[in-house]
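Please read it alongside the coordinates shown here.

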Amino acid sequence: MGLIGMWRGRRPAAKPPLPMRLDARNLALAAKGFLSEEDGTRLYELAYAASELGPCVEIGGYCGKSALFLGEGCRARGRHRLFSVDHHNGSEEQQPGEEYFDAELYNAAGGRVDTFPHFMANIRKAGLEEWVFPIVGRSSLIAADWSRDSNLGMVFIDGGHSKESVEADYRGWSRLIVPGGWLCFHDIYPNPADGGQAPYEVFEAARATGRWRFEGLFGSLGVLRRR
Ligand SMILES: C[S@@+](CC[C@H](N)C(=O)[O-])C[C@H]1O[C@@H](n2cnc3c(N)ncnc32)[C@H](O)[C@@H]1O
């Protein structure tokens with residue numbers, strides 16, 4: 001067993017005093033998306049802790065599943081909010097003919113995938129419009145205009161899953177995290193038989209810099225904390 005396997009199960013600091021609101025949790029579980037209940041619960045707890053330090057950012061909003069868990073963590077804490085970055089036209093594997101294409105998310109008039117209406121509908125249903133703010137566009141371009149004094153409490157990376165995309169998201173956003181803030185990656189699979197390796201490789205490269213403390217692997221969520 002590698003180091004990652006031995007670290008499973010540690011909880012983030014400042015666990016929320018209350019579990020997630022049941023109606024928001026049910027909405028999150030019912031939303032289209034790629035997050036397990038375990039991953040979602042951990043995101044809720046992390047956002048609760050991290051949003052005390054500064055705003056939270058997620059890359060990859062899709063239909064709002066992770067944003068509901070993260071935004072609800074921010075709401076429960078009552079300090080900073082979530083910014084959810086996505087161009088809302090789907091990743092490579094979500095395009096027509098690809099493995100994760102969903103015809104319900106295809107806007108025939110526009111001739112492309114459009115997840116934005118689904119994202120907003122879920123945020124509104126959960127009453128989180130004042131806690132979750134979408135930023136629609138390409139992640140690397142948006143990151144370039146955020147300055148270091150953005151002082152982010154947390155960044156959750158779940159956008160494009162090619163090596164190039166994950167690296168760009170890591171480079172563009174991790175530099176904005178305050179000391180003590182969290183950097184989380186989705187789809188971390190130490191065993192190649194379980195899934196694509198790009199997020200895992202970037203996650204390991206981040207660890208190797210020595211700038212991050214390894215907090216654990218929870219489901220497929222890899223969690224680092226800035227030293
Ligand atoms: C795996 S999905 C995110 C799933 C979501 N976090 C959830 O919980 O269901 C990846 C999302 O990243 C977005 N995406 C991919 N590459 C992107 C980029 N370069 N900039 C912005 N968004 C991107 C896609 O549009 C897609 O909605």
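## Helix across the sheet

In this predicted model, helix α3 (residues 37-50) lies across β1, β6 (152-157), β7 (177-185), β8 and β9 (221-226), and runs at about 160° to β6. Contact here means heavy atoms within 4.5 Å, while axes are lines fitted to C-alpha atoms, for helices over the stretch in contact, with angles running from 0 to 180 degrees between N-to-C directions. Helices (H or I, at least four residues) and strands (E, at least two) are DSSP runs, numbered from the N terminus.

Seven strands form an open sheet of mixed pairing, in the order β5-β2-β1-β6-β7-β9-β8, where two strands pair if DSSP finds at least two bridges between them. Because β5 (132-136) and β8 (212-218) stand at the edges with a single partner strand each, one side of each is left without a neighbour in the sheet. Neighbouring strands of this sheet are turned against each other by 20° on average, direction ignored.

## Strand pairs

Strands β1 (residues 56-59) and β2 (residues 82-86) run parallel and are joined by four bridges; in this pair, Ile59 stands opposite Val85 of β2.

Strands β8 and β9 run antiparallel and are joined by six bridges, with Arg225 in β9 as the bridge partner of Arg213. The two strands form a hairpin with two residues between them, and Gly219 in the turn has a positive phi of about 60°.

## Basis of the values

Residues are numbered from 1 along each chain as its sequence is written, and side-chain values use heavy atoms, with hydrogens and water left out. Local features need pLDDT of at least 70 and side-chain atom pairs count only at pLDDT 80 or more, whereas totals for chains, interfaces and linings use all residues.
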